[in-house]
Amino acid sequence: PAYSGYPFRMAQHLARLQKSLDAIKLVNPMTAAQWGRLVKRMIALNEGRDQAVYLQVTRGVARRDHAFPAAATPTVFMMSNPMSVPPKELVARGCACVSATDNRWLRCDIKSTSLLGNVLMRQRAAEAGCLETILFRDGFLSEASASNVLVVHAKTVSAPPNNHLVLPGTTNDVVIELLRKARIALELREVHADEVRAADEIWSTSATKEVLAVTRLDGRPVGTGKPGPVFKRVYRLYQEYKRTVMRRG
């Protein structure tokens with residue numbers, strides 16, 4: 001995300017890109033400084049106060065084969081779209097989600113274009129008139145089709161730790177940092193599906209959705225059916241943090 005022309009947490013996004021490139025043995029074609037200049041140029045070339053910048057690196061042009069080509073120049077693709085943060089009405093009422101079994105592969109920590117599993121799960125939510133599909137693997141929470149998930153029980157926030165079953169979220173990292181700074185109780189551990197369904201609060205975090213309360217899951221209210229007090233506090237902290245980062249430039 002780029003707010004008022006300023007890329008938000010770009011260093012962290014580029015660090016995740018590097019980890020994914022390393023995982024698939026694809027040499028990064030640019031330095032962090034080069035990426036930074038290219039991203040800022042992309043933002044400047046496009047209209048819109050707030051933008052969502054998307055970048056993609058592929059292995060390059062070569063004959064089709066499952067094995068990596070011996071010599072190929074990586075291809076870089078980048079685009080920017082206008083970005084709208086969740087409207088105040090959605091933040092105030094929260095969103096609805098459905099759930100499903102997580103049947104994706106076992107390297108969900110790699111951010112890649114192999115997103116068919118996520119696409120099908122996101123479509124499941126769209127057809128149900130919901131924002132997201134929350135996923136469970138072997139009875140435990142993993143993430144959602146396009147976001148991370150946190151739950152609250154008795155004012156304690158719980159979330160799955162970063163591992164091969166979860167894509168580390170840059171926005172999720174901000175939320176965890178804010179929880180720790182505010183000394184809000186936090187547990188990074190396996191979260192059973194029953195805990196999610198009985199949670200006082202459920203949150204969804206992503207770069208474009210920021211932080212949203214999930215107030216209905218599979219047609220049933222979460223907690224009171226309204227965004228809870230811990231969410232409201234963390235949402236304010238997130239907005240304050242974002243304004244602080246933007247002022248620093």
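Tutor: What follows is a discussion of selected helices, their packing and a few backbone angles. This is a predicted model, in which local features need pLDDT of at least 70, side-chain atom pairs count only at pLDDT 80 or more, and totals for chains, interfaces and linings use all residues. Residues are numbered from 1 along each chain as its sequence is written, and side-chain values use heavy atoms, with hydrogens and water left out.

Student: What is the end-to-end distance in H1?

Tutor: Helix H1 covers residues 10-23, and its end C-alpha atoms are 20 Å apart. That agrees with the 20 Å that its 14 residues should span at 1.5 Å a residue; the expected span is 1.5 Å times one less than the number of residues. Helices here are DSSP runs of H or I with at least four residues, strands are runs of E with at least two, and both are numbered from the N terminus.

Student: Which residues of H1 are buried?

Tutor: Met10, Leu14, Arg16, Leu17, Ser20 and Leu21 are buried in H1. Viewed down the axis of H1, the buried residues fall within an arc of 155°, so they line one face of the helix. The arc is taken from the directions from the helix axis to the C-beta atoms. Buried means under 20% relative accessible area, exposed over 50%, and partly exposed in between, with a 1.4 Å probe and protein chains only.

Student: What do the buried residues of H1 pack against?

Tutor: They pack against strand E2 (6-7), helix H2 (32-45), strand E3 (51-58) and helix H5 (170-181).

Student: How do H1 and H2 cross?

Tutor: The axes of H1 and H2 come within 11 Å and cross at roughly 120°, which makes H1 oblique to H2. Axes are lines fitted to C-alpha atoms, for helices over the stretch in contact, and angles run from 0 to 180 degrees between N-to-C directions. Angles under 35 degrees count as roughly parallel, over 145 as roughly antiparallel, 65 to 115 as roughly perpendicular, and the rest as oblique. Met10, Leu14 and Leu17 in H1 meet Ala32, Trp35, Gly36, Val39 and Lys40 in H2, where contact means heavy atoms within 4.5 Å.

Student: At what angle do H5 and H7 pack?

Tutor: H5 and helix H7 (residues 229-248) pack at about 110°, with axes 10 Å apart, and are therefore roughly perpendicular to each other. On the H5 side, Thr171, Val174, Val175, Leu178 and Leu179 meet Val234, Leu237, Tyr238 and Tyr241 in H7.

Student: Changing topic, where does Arg183 lie?

Tutor: Arg183 lies in the loop between H5 and strand E10 (186-188). Its phi is near 60°, a positive value in a residue other than glycine. At 78% relative accessibility, Arg183 counts as exposed.

Student: Is Glu210 buried or exposed?

Tutor: Glu210 is buried, with a relative accessible area of 2%. This residue lies in strand E12 (residues 210-217) and has a positive phi of about 60° although it is not a glycine.
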